[in-house]
Amino acid sequence: MDEVVAGNRVVWEQASNKHIQEYDELLEQARGDGLLFERELELLAPVLAERPIVVHLQSGHGLDDIGLVKAGAQSVTGVDYSSVAAGAAQRRADELGLACRYTVAEVPGVPLEDGCADLVYTGKGALIWMRDIDAWARDAARLVRPGGHLFVYEAHPAVPLWSWDADEPRVRPDRSYFAESHINDTFPGNGAQEWQWTLGQIVTAVSRAGLQIQVLEEYAEPFWRPQDDTNAAAWSGRLPNSYSLLARKPL
């Protein structure tokens with residue numbers, strides 16, 4: 001693990017303490033519904049109907065994993081390089097008696113066997129931590145069995161450009177869509193270096209890894225908003241804030 005990634009890991013471990021501080025609140029959320037977005041469930045319905053074995057790369061607090069099991073997944077293995085996040089997620093899954101298991105590891109370089117998953121699921125703040133998008137795509141594709149799928153639901157690559165001004169959308173003067181990286185100045189990655197990948201780079205990396213793109217959709221709604229009363233004009237429907245990608249590994 002290089003110096004930048006190690007520094008980001010420290011930031012993420014600190015941010016993940018939120019999952020412990022809000023443990024009871026997250027546990028209550030996990031008992032309910034609505035853990036996955038409606039469009040995720042629609043796109044994944046045919047896959048989840050087959051009761052897939054799922055690997056979730058960069059699994060965070062694990063609520064998505066619980067949502068996947070409730071929606072039909074046979075089991076979920078979450079992979080995250082935060083021991084804090086993975087530990088809290090495992091405790092929640094155990095309390096609920098759900099088939100979710102967690103391993104602490106860096107992505108790419110996941111210590112799981114080739115072709116171990118019917119579905120590799122990731123996103124919601126995952127790809128910004130990847131400094132090599134091609135290596136990420138190859139590792140994800142390696143885990144998918146022939147006929148299986150990769151699903152990404154992620155912040156749109158244009159999101160780093162949008163200011164959080166309430167009156168009208170603005171492009172931040174300190175950001176570029178084609179920049180290699182930027183320093184995060186908001187929660188949860190305060191001070192972390194985030195890598196930027198254009199939508200074209202992401203799609204090309206997935207295709208080069210041997211997966212066939214089936215769905216690519218862009219949405220105005222962000223997948224995450226701060227828990228205060230912030231309501232940026234950039235989220236009002238005029239600009240892309242998230243996207244989904246579904247790809248299949250040929251038989």
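Author: In this predicted model, two strands count as paired if DSSP finds at least two bridges between them.

Reader: What makes strand S1 (residues 53-57) and S2 a pair?

Author: Five bridges join S1 and S2, running in the parallel sense, and a pair needs at least two, so the two strands qualify as paired. Within this stretch, Val55 stands opposite Thr77 in S2.

Reader: What makes strand S2 (residues 75-80) and strand S3 (residues 100-104) a pair, and in which sense do they run?

Author: Here too the count is five bridges, against the required two, so S2 and S3 are paired, and they run parallel. The bridge partner of Val76 is Cys100 in S3.

Reader: Why are S3 and strand S8 (212-219) said to stand at the edges?

Author: The seven strands form an open sheet with mixed pairing, in the order S3-S2-S1-S4-S5-S9-S8. S3 and S8 each have a single partner strand, so one side of each is left without a neighbour in the sheet, which is why they are the edges. From one strand to the next, the twist averages 15°.

Reader: Which strands do helix H4 (residues 63-70) and helix H6 (residues 133-143) meet?

Author: Helix H4 lies across S1, S2, S3 and strand S4 (117-123), and runs at about 150° to S3. Helix H6 packs on the sheet and touches S1, S4 and strand S5 (144-155), with its direction making about 135° with that of S5; to count as touching, heavy atoms must come within 4.5 Å.

Definitions and conventions:
Residues numbered from 1 in each chain as written. Predicted model: local features only at pLDDT ≥ 70, side-chain atom pairs only at ≥ 80, totals over all residues. Heavy atoms only, no water. Helix = DSSP H or I, 4+ residues; strand = E, 2+ residues; numbered from the N terminus. Axes fitted to C-alpha atoms, helices over the stretch in contact; angles between N-to-C directions.
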